[in-house]
Amino acid sequence: MSESPSLTERELCAWARVVGRLAAAGGRFVCLYGELGAGKSTLVRAALRGAGVEGSIPSPTFTLINRHVGRQGTALYHADLYRLHDPAELTDIGWSELLDTGRAVFVEWADRVPAQLPTERWDIHLSFVSDPERRRLKSRAVGNAPALPSVVESEPC
């Protein structure tokens, strides 16, 4: 697992934009892990911006899955499984269809459904550090997924 030094929100967003472009181009499944408030939603919003999503990007906390449109009409999906009580509930939200879209899928709280995750994916872990303005980022490619990009500096989100 690749671990970065602690990142500011600007640095995290810059990296996430690159991840979003690559995820959209390759139809990657991206799993996010971390405590409440660690920055998962911030990372997904920046990734979706990097993939070309414009306008409002609401959290799917209550709908569980939101569909967005990126560059050239490409569908992208954002799931938030925080409110999921049992992995069996995935059937009701169309999880199997989500796995088969071939499109980029970003899943917050992926740790709630470890047995239902695809074997090829990107895992991104965010955690708190002593500085409340920074986060630790750990990332890894799982299965045959290509490596994630290294942390880069770019425009803020």
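**A tour of the aromatic pairs**

Select tryptophan 109, which counts as buried at 10% relative accessibility (buried means under 20% relative accessible area, exposed over 50%, partly exposed in between, with a 1.4 Å probe and protein chains only). The model is predicted: local features need pLDDT of at least 70, side-chain atom pairs count only at pLDDT 80 or more, and totals for chains, interfaces and linings use all residues. Residues are numbered from 1 along each chain as its sequence is written, and side-chain values use heavy atoms, with hydrogens and water left out.

Now turn to the aromatic pairs, of which the structure holds two (rings of Phe, Tyr and Trp, the last by its six-membered ring, pair if their centres lie within 6.5 Å; planes under 30 degrees apart count as stacked, over 60 as edge-to-face and the rest as tilted). Select phenylalanine 29 and tryptophan 95: this pair is edge-to-face, 5.9 Å centre to centre, with 80° between the planes. Phenylalanine 29 is buried, with a relative accessible area of 6%, and tryptophan 95 is buried at 4%.

Tyrosine 82 and tryptophan 109 form a tilted pair, 4.9 Å centre to centre, with 50° between the planes. Tyrosine 82 is partly exposed, with a relative accessible area of 36%.

Finally, select leucine 64, which is 8.3 Å from tyrosine 82, C-alpha to C-alpha. Leucine 64 is buried, with a relative accessible area of 11%.
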